[in-house]
Amino acid sequence: MNELLLTTDYVLAMLYLWLKAAHLIFVIFWMAGLFMLPRFLVYHQEAEHGSPEATRWIDREAKLKNIILNPSLIIVWLLGLVLAVQIGAFSQGWFHAKLLFVLVLSGYHGWMIGYTRKLAKGERKLTGKQLRLINEVPGIAAAVIVILVIVKPF
C-alpha cells in the first residue's frame, strides 16, 4: 500500500512539474504576442487607411491574434487555475496580487484586440507615441508578476 502511495505522489508531483512547465511556455508565447501587437498597431496606424500596406497589417494582426495571442491566453488561464488549486494559492496574498496583474494583462489583451478592429475601420483614436507608451504595460506587469511568484513578498 505504501508503494502505491509513493507512486501516486510521484506521478502527481511529476504532473505538477509538467503543468507548470507548460504554463510558463504559454506565458512566454502570450507575452511575445503582447509585445508584438502594439508594434503592429503603430505600423498599421502609420499606414494609409485602405492601402495595401494597411491591409497587410490587418492580416498580420489577425494571424497573431488567432495563432498566438488568443490560444495562449486560454491555455495560460486554464493551466494557471489548475496549478493554483493544486498548491492552494487562493489563500495566499502574493497570489491575489498576481491574479490582479494577470487580470490587467487580460484586459490589456482585449483592449488591443478591440483597437485592431478600430484601425481596420479607419478609426485612429491614439497617436503613435501613445501606442508606444502603451507597449510598456506588459513588460511592467510581467516584472511585477515574476517578483510576486518568485519572492512571494506577502
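This is a predicted model: local features need pLDDT of at least 70, side-chain atom pairs count only at pLDDT 80 or more; totals for chains, interfaces and linings use all residues.
A residue is called buried when its relative accessible area is under 20%, exposed when that area is over 50%, and partly exposed in between. Phe90 has a relative accessibility of 41%, so Phe90 counts as partly exposed, whereas Phe95, at 6%, counts as buried. The two residues form an aromatic pair, with 5.0 Å from centre to centre and 75° between the planes, and because planes over 60 degrees apart count as edge-to-face, that is the name given to the arrangement of Phe90 and Phe95.

The structure holds 6 aromatic pairs, and another of them joins Tyr43 and Trp57, whose ring centres are 5.5 Å apart and whose planes meet at 35°, so this pair is described as tilted. Tyr43 belongs to helix H1, which covers residues 2-46, while Trp57 belongs to helix H2, which covers residues 52-87, and the pair therefore ties together parts that lie 14 residues apart in sequence. Tyr43 is partly exposed, at 34% relative accessibility, but Trp57 is buried, with a relative accessible area of 11%. Together with Phe40, Tyr43 and Trp57 make up one aromatic cluster.

Rings can also be found beside charged side chains. The ring of Trp57 has the charged end of Arg60 sitting over it, 4.3 Å from the ring centre. Elsewhere, Lys152 lies over the face of Trp94, at 4.7 Å from the centre of that ring.

Technical notes. Residues are numbered from 1 along each chain as its sequence is written. Side-chain values use heavy atoms; hydrogens and water are left out. Rings of Phe, Tyr and Trp (its six-membered ring) pair if their centres lie within 6.5 Å; planes under 30 degrees apart count as stacked, over 60 as edge-to-face and the rest as tilted. Helices (H or I, at least four residues) and strands (E, at least two) are DSSP runs, numbered from the N terminus. Buried means under 20% relative accessible area, exposed over 50%, partly exposed in between (1.4 Å probe, protein chains only). A charge sits over a ring if NZ of Lys or CZ of Arg is within 6 Å of the ring centre and within 35 degrees of the ring normal.
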